[in-house]
Amino acid sequence: MSAIRDSIYNNYLQTYSSSTTRFDSHKKSELRNTYNSIVKLNKESPWYLPVTSKDSQAYAVNLKENARELRSDIAELGGLEEDGLLNNKSAYSSDKSVVEVSFVGDGKSAASIPPFEIEVRSLATAQENKGNLLPADEPVELAPKTYSFDVGINGMNYEFQFAISDDETNKDIQDRLARLINNSGIGLSAEVVEEDGYSALNVSSEATGLSANRDYVFSISDDKTSKAKGAVDYLGLGEVSVAPSNARFLLNGEEREAYSNNFTVGKSFELNLKGVSAEGSHVTVGIKTDSETVTDNVNKLVGSYNNFLKAVSTYYESQSRSKVLAGEVKTIGSYYSNLLGDIGVSMAEDGTLDIDEEKLDSAAHSALDIQKTFGGIKDFSNSLLRKSNQVALNPMEYVQRTVVAYKNPGHNFASPYTTSSYSGMMYNFYC
């Protein structure tokens with residue numbers, strides 16, 4: 001059962017969830033509040049026929065994910081706390097082509113955090129095993145039978161089994177193994193490369209870098225496998241072609257290493273190394289000024305609003321109630337349009353928001369009281385947060401459904417699972 005649960009969870013992350021943040025973990029009290037909200041919401045809710053359309057099921061799950069992403073974006077900007085939206089700090093990098101940076105620390109202590117210099121010597125790389133180039137359209141030179149090989153990665157061993165038949169070509173087998181490895185979710189990726197009528201199966205690790213006392217990230221062998229041997233040597237999967245390496249850099253002149261190109265410095269900056277520094281040059285990383293931080297936060301919030309609205313609009317033709325949600329979101333933008341207009345944010349005909357960067361920058365730099373000048377954007381953010389919570393709690397509200405019966409007002413019982421029917425949709429093909 002645990003294997004099925006893990007498979008469902010991995011499928012959910014790969015299919016629907018584009019990203020996860022620290023705001024996707026919750027305290028017990030927060031989960032209890034969510035449960036109580038669901039119970040309260042369903043107490044007077046009518047009974048509906050189950051939604052069986054696969055398109056509607058996918059729409060409901062995607063809608064919940066879009067709402068979650070909008071909430072996470074607002075949370076990243078500090079919008080979960082009172083007055084937090086404008087106080088959340090932003091970081092800068094003097095050369096984004098070499099180092100990208102975001103501020104992940106405590107905004108209250110940001111003023112005391114000094115800038116620092118970083119010089120990137122080399123990037124962290126992944127391990128790659130490049131397979132043998134074989135005639136793509138010629139038959140496999142292995143006897144028809146069931147083969148297997150073992151993969152060791154992250155302290156775990158996995159066995160892959162596959163059968164070869166008489167009429168299969170080298171590329172047929174390579175394509176099948178690539179799909180098998182990519183769908184396994186064990187931290188490897190595979191691709192088939194073609195060159196002048198030949199093809200090869202290349203396998204690489206998703207993780208970069210190499211921990212101490214290790215020579216590799218993963219190993220592939222069929223020496224002690226349970227089925228027929230020979231596939232590893234034939235396909236050339238056992239040899240490390242590109243060895244993994246750590247990122248190397250100078251931090252304020254001090255040599256450092258990291259397993260990944262993405263890491264934190266001083267619990268305040270999250271760095272993403274993108275390139276190698278020119279010889280003798282360095283990148284300066286620090287905290288932006290208050291006015292620059294405000295303009296950054298406004299741009300990010302408007303971008304998140306537009307992305308959510310555009311995501312909903314893609315379902316206009318297939319899901320009629322998506323227009324209801326879009327209308328509610330546009331109403332939020334329209335309600336605050338006058339206040340937003342004062343800082344250079346205007347609404348387009350399709351409901352999305354546009355930013356006059358010069359007007360926004362002028363408002364940020366000339367404001368005597370940023371909290372007052374940008375009070376409208378905070379109220380706008382709070383309304384968006386409430387809407388995202390409501391949609392995430394009950395995305396089925398925006399799915400076309402048939403009512404079976406209305407409950408007797410004041411004489412019913414709580415049904416906490418009605419709005420959660422979308423959860424079961426992910427289990428349909430596993431149980």
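The model is predicted. Its protein chain has 431 residues, and the secondary structure comes to 13 helices and 19 strands.

**The chain as a whole**
- Buried residues account for 42% of the protein chain.
- If you take the contacts between residues at least 6 apart in sequence, 72% of them join residues at least 24 apart.

**Helices H7 and H12**
- To find this pair, look for helix H7 at residues 290-313 and helix H12 at residues 375-393.
- The two helices pack at an angle of about 35°, and their axes lie 12 Å apart.
- The crossing of H7 past H12 is left-handed.
- On the H7 side, the contact involves Val298, Leu301 and Tyr305, which meet Ile377, Phe380, Ser381 and Leu384 of H12.
- Sorted by class, this contact of H7 with H12 holds six nonpolar residues, one polar residue and no charged ones.

**A three-stranded sheet**
- Three strands form an open sheet in the order S3-S15-S14, and their pairing is antiparallel.
- Strand S3 (99-103) and strand S14 (262-265) are the edge strands, each pairing on one side only.
- From one strand to the next, the twist averages 25°.
- Strand S15 (residues 269-273) pairs with S3 over five bridges, in the antiparallel sense.

Notes. Residues are numbered from 1 along each chain as its sequence is written. This is a predicted model: local features need pLDDT of at least 70, side-chain atom pairs count only at pLDDT 80 or more; totals for chains, interfaces and linings use all residues. Side-chain values use heavy atoms; hydrogens and water are left out. Axes are lines fitted to C-alpha atoms, for helices over the stretch in contact, and angles run from 0 to 180 degrees between N-to-C directions. Helices (H or I, at least four residues) and strands (E, at least two) are DSSP runs, numbered from the N terminus. A crossing is left-handed if the near helix is turned anticlockwise from the far one by less than a right angle, and right-handed if clockwise. Contact means heavy atoms within 4.5 Å. Ala, Val, Leu, Ile, Met, Phe, Trp, Tyr, Cys and Pro count as nonpolar, Asp, Glu, Lys and Arg as charged, and the others, Gly among them, as polar. Two strands pair if DSSP finds at least two bridges between them. Buried means under 20% relative accessible area, exposed over 50%, partly exposed in between (1.4 Å probe, protein chains only).
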